[in-house]
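Please walk through the following model, with attention to helix packing, loop residues and backbone geometry.

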Amino acid sequence: MRTMKKWIYCLLVVFLAACSNEIPEQQPAKRSGRTVLAYLISNNQAGSLDTYLQNNVVDMYEALGNMKESCTLLVYYRPYTGDEPLGYPTLMSFYADGRGNINGSAALTGTNLTFSAICQVAEKKQYTMSGQIATDPTVMEEVFKDMQAVAPSESYGVIFGSHGTGWMKGNSVRTKAFGDDNGYHINIPDLANVLKNSFTDKLDFVLFDACMMGTAEVCYELKEVTSHCVASVMETPVYGFPYAQILPYLYVDNVDYSTVCHEFISFNKTKDLWGTCAAVDCSQMENLAEAVKSKLTEWEDALPSVSMENVQQYGVGSYRYFSYDVLDFFRELGRKSGVADTDLNTEIASVQTALNQAVVAKECLAGPEYEFDGLTIDDTRFCGIGMYIPEAYNPYVTSKTSWNTYYESSIAWYRAAGWDTLN
């Protein structure tokens with residue numbers, strides 16, 4: 001009898017093994033080669049983003065639950081002190097198996113899909129050191145090293161979510177480069193150093209879910225640490241990017257940046273908001289700087305006569321005139337150099353070509369219907385990326401002493417684009 005039972009057991013094992021290939025859901029899910037990291041700072045003085053960033057995490061989690069391949073998302077969340085449900089800065093890990101499960105359980109859906117519930121199911125590491133600031137370079141490097149230890153990966157892409165004001169120095173609540181952790185910020189050159197020190201290889205992308213980060217100055221600073229930079233050159237609505245729609249695209253080997261930009265702009269349009277979005281190939285920023293420098297040198301004599309009010313600019317309020325459209329600036333400079341409109345495209349072709357190589361995707365909401373705080377975008381004058389025009393050639397910023405001093409002393413684009421060589 002014992003021999004008979006053993007024979008039946010062996011036959012059953014063989015039968016199940018033979019049938020296993022016929023059950024699709026038992027097949028190993030395809031694994032993505034990229035891990036997405038999100039660094040979100042909600043402990044804000046300059047207008048709380050806490051609710052919106054929590055909603056962003058919910059959308060990211062929802063996207064993971066619908067993925068058809070296995071993938072990993074790590075979220076560092078800096079809440080307000082004592083804020084429920086986290087209380088402390090926390091690194092949360094999520095592993096999706098491509099079959100509707102996250103961290104080994106069926107993904108939350110419907111009314112169960114809340115930020116609090118997501119925090120409960122996340123694998124977590126809390127950072128409880130008193131006074132730890134999320135924009136401190138030492139803290140950022142520690143977190144990024146922890147992320148890589150938790151989730152070794154072929155490559156990484158990083159989402160930064162908080163307040164932002166591009167290249168400007170973070171020396172007060174009203175003037176911040178990236179991030180706002182109780183009024184503390186990190187300057188873009190320092191952020192570039194953090195990423196350089198934290199990762200052995202270049203990131204596949206850096207996506208800034210923050211205002212005014214889509215400038216030549218920012219992309220140039222990051223050219224050694226990331227392949228691509230996705231950002232808006234103007235203010236970003238508080239809702240941020242629609243992660244339920246775009247997150248799956250960020251795991252694809254060759255990211256479809258046009259779709260990422262389109263989804264962001266379409267989302268803003270449905271909410272009757274405003275917006276610009278562009279993706280920049282940072283490896284092309286040196287070529288763009290050389291093209292800009294060449295034209296600035298060629299048309300230097302006309303610089304003092306440029307009418308800056310005729311150039312598309314992207315700032316509002318106290319940040320008005322912080323960034324101008326690169327190509328539109330050279331159109332105006334060409335006209336002041338005596339170039340006829342019929343010849344203008346030919347004369348600025350070198351800048352246009354460099355921009356075509358650098359800006360791989362762009363989209364905007366244009367016209368008075370999508371005006372924001374007095375700023376209207378003309379899509380025929382939107383090249384996807386902006387740059388600052390220093391005080392020597394821009395009467396609107398002659399009173400911005402802190403801007404100009406920092407720009408000339410610390411921002412690499414200032415020299416790369418040749419502003420320092422002009423008389």
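This is a predicted model: local features need pLDDT of at least 70, side-chain atom pairs count only at pLDDT 80 or more; totals for chains, interfaces and linings use all residues.

Serine 305 counts as partly exposed because its relative accessibility is 38%; buried means under 20% relative accessible area, exposed means over 50%, and partly exposed is in between, with a 1.4 Å probe and protein chains only. Serine 305 is found in the loop between α9 and β13. Helices (H or I, at least four residues) and strands (E, at least two) are DSSP runs, numbered from the N terminus.

Residues are numbered from 1 along each chain as its sequence is written, and side-chain values use heavy atoms, with hydrogens and water left out.

The loop between α9 and β13 also holds glutamine 313. Glutamine 313 counts as buried, because its relative accessibility is 7%. Its side chain reaches the backbone nitrogen of glycine 315 at 2.9 Å. This is a polar contact in the sense of a pair of N or O atoms within 3.5 Å; within protein, one must be able to donate a hydrogen and the other to accept it, and residues adjacent in sequence count only if both atoms are side-chain atoms. Leaving aside neighbours within four places in sequence, glutamine 313 is in contact with Arg320, Tyr321, Ser323, Tyr324 and Leu375, where contact means heavy atoms within 4.5 Å.

Serine 323 lies in the loop between α9 and β13, the strand of residues 324-325. At 0% relative accessibility, serine 323 is classed as buried. The serine 323 side chain reaches the backbone nitrogen of methionine 387 at 3.1 Å. Beyond the neighbours within four places in sequence, serine 323 touches Thr215, Val233, Gln313, Tyr314, Gly315, Gly386, Met387 and Tyr388.

Tyrosine 321 is placed in that loop between α9 and β13 as well. With a relative accessible area of 17%, tyrosine 321 is buried. Its phi is near 75°, a positive value in a residue other than glycine. Most residues other than glycine have a negative phi, and most peptide bonds are trans. Aspartate 373, with phi near 50°, is also a residue other than glycine with a positive value. Aspartate 373 is found in the loop between β14 (359-364) and β15 (386-387), and it is exposed, with a relative accessible area of 55%.

A cis peptide bond, with omega about 5°, joins glutamate 84 and proline 85. Proline 85 lies in the loop between β2 (71-78) and β3 (90-96).

Now to the helices. Two packed helices are described by the angle between their axes and the distance between the axes. Axes here are lines fitted to C-alpha atoms, for helices over the stretch in contact, and angles run from 0 to 180 degrees between N-to-C directions.

How do the axes of α9 and α10 cross? Helix α9 (residues 285-298) and helix α10 (residues 326-336) have axes that come within 11 Å and cross at roughly 20°. That angle makes α9 roughly parallel to α10; angles under 35 degrees count as roughly parallel, over 145 as roughly antiparallel, 65 to 115 as roughly perpendicular and the rest as oblique. α9 passes α10 in a left-handed crossing, meaning that the near helix is turned anticlockwise from the far one by less than a right angle, whereas clockwise would be right-handed. Val292, Lys295 and Leu296 of α9 meet Val326, Phe329, Phe330 and Leu333 of α10 in this contact. By class, the α9 contact with α10 has six nonpolar, no polar and one charged residues. Ala, Val, Leu, Ile, Met, Phe, Trp, Tyr, Cys and Pro count as nonpolar, Asp, Glu, Lys and Arg as charged, and the others, Gly among them, as polar.

The axes of α9 and helix α12 (residues 349-358) come within 9 Å and cross at roughly 165°. The two helices are therefore roughly antiparallel. The crossing of α9 past α12 is left-handed. Asn287, Leu288, Ala291 and Lys295 of α9 make the contact with Ser350, Val351, Ala354, Leu355 and Gln357 of α12. This contact has five nonpolar, three polar and one charged residues.
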